[in-house]
Amino acid sequence: MKVYPECIPCYMKQVYNILKFIDADRELSLKVLRECSRFIGEDLNPNESPGHNATHIHRLFKKIVGVNDPFKPLKDKYTDIALRWEPEIEKTFYEPSEDKLDIAVRLAAVGNIIDFGIPRESEKKGNEAFEPSAFDLTEEVKNLLQQKFAYYDKEIFERFIVPGKTILYVADNAGEIVFDKFLLRYLKEKGMKIIFAVRGGPILNDATIEDALKSGIDKIVDELITTGGDFIGIDFAYVGKEFKEAWEKAHAIISKGQANIETLEIIDNRDIFFILKAKCNAMAEELRCNKGELIFLYNKHLIEMKSEDSDI
């Protein structure tokens, strides 16, 4: 996926939101916004993915501000909220379900709402702290569990559930990964081995090793690894050796979230299943769906769909 015009204001909104969150003063805010604007005007590569360019913008932000993980308080907050929800979700939704795979995939997709990188309307009220992407987690979970998927390649995925085989699960956001645990447990119960990959350093609210340990992921999976750096999405020019080895030996790959699909959608020599919510118009256009719809999509299905579009 390449940069869409609407990605440009989204980049700046992301940066502005973080400046507000850390309570940066006028001088620092203007400096950061000017430098990020300069990057967009001079160095942005429109032929690379939105995440590729966002990575360099957020690295620039961290360098100027001197804060390596500005979203850590929010990551911890929403991880705690998700962990408190976990037993109730298991009791209310997962255990009673006759189709455990179906509900596990739905919960993984629902978890993808926890994203501070997508600008939303939010206002500071009284003494409440400014929170980018403020939302009502309780209501969104209830609503989204009833929502239909734009694509739902569950039957294809079931063919790849083979005891003894390895799934590489490429994580997305902190907090969200608590909702991934239901699908992880399901696959483990079916005898599969799981390698769980998180970012190699703080970037936006993407999950790191620290977030995975806090969420209890390490107690479920066989291996907990990183992609090798603080890069948004998966770019094989930047990933580490450990991730490359896991990628090559995996029987199939589960990719969570927008940034990962942005960089993996054109790969046709591996079997990849994308789970996400289409959170912006650019992603909706890319996937031929409506903004806000849930996605469980096999990469070969996506490639075939785009190939048919190009033939028209």
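This report walks through the overall build, the nonpolar core and the salt bridges of the protein shown above.

**The overall picture**

Keep in mind that what you're looking at is a predicted model. The protein has 312 residues, and 58% of them count as buried. Its secondary structure comes to 13 helices and 7 strands. If you take the contacts between residues at least 6 apart in sequence, 73% of these join residues at least 24 apart.

**The core**

In soluble globular proteins, nonpolar side chains tend to be buried together. Here, the largest nonpolar core holds 103 residues. The members that touch the most others are Phe157, Leu168, Leu183, Leu187, Phe196, Phe243 and Leu287. Where does this core sit? Domain 1 (6-67) and domain 2 (74-81 + 149-308) both supply residues to it, so the core lies between them.

Once you set aside its neighbours within four places in sequence, Leu183 is in contact with Leu101, Ala104, Val105, Ala108, Tyr169, Ile254 and Ile275.

**The salt bridges**

Side chains of opposite charge can pair when their charged atoms come close. Searching the whole structure turns up 21 salt bridges.

| Pair | Distance |
|---|---|
| Glu86 and Arg185 | 2.6 Å |
| Asp222 and Lys188 | 2.9 Å |
| Lys154 and Glu158 | 3.5 Å |

Start with the salt bridge between Glu86 and Arg185. Glu86 belongs to helix 4 (residues 72-94) and Arg185 to helix 8 (residues 176-189), so this pair ties together parts that lie 99 residues apart in sequence. Glu86 counts as buried, at 8% relative accessibility, while Arg185 is partly exposed at 24%.

Next come Asp222 and Lys188, which also form a salt bridge. Asp222 is in the loop between helix 9 (209-215) and strand 4 (223-226), and Lys188 is in helix 8, so to speak a link between distant parts of the chain, 34 residues apart. Both residues are partly exposed: Asp222 has a relative accessibility of 42%, and Lys188 has 28%.

Lys154 and Glu158 make a salt bridge within one helix. They are 4 residues apart in helix 7 (residues 154-158), a separation of about one helical turn. Lys154 is buried at 11% relative accessibility, whereas Glu158 is partly exposed at 35%.

Finally, salt bridges also link up into a network, made of Arg59, Lys62 and Asp230.

Conventions
Residues numbered from 1 in each chain as written. Predicted model: local features only at pLDDT ≥ 70, side-chain atom pairs only at ≥ 80, totals over all residues. Heavy atoms only, no water. Helix = DSSP H or I, 4+ residues; strand = E, 2+ residues; numbered from the N terminus. Buried < 20%, exposed > 50% of the residue type's maximum accessible area, 1.4 Å probe, protein only. Contact = heavy atoms within 4.5 Å. Core = buried A, V, L, I, M, F, W, Y, C linked by side-chain atoms within 4.5 Å. Domains from an automatic or database assignment. Salt bridge = Lys/Arg side-chain N within 4 Å of Asp/Glu carboxyl O.
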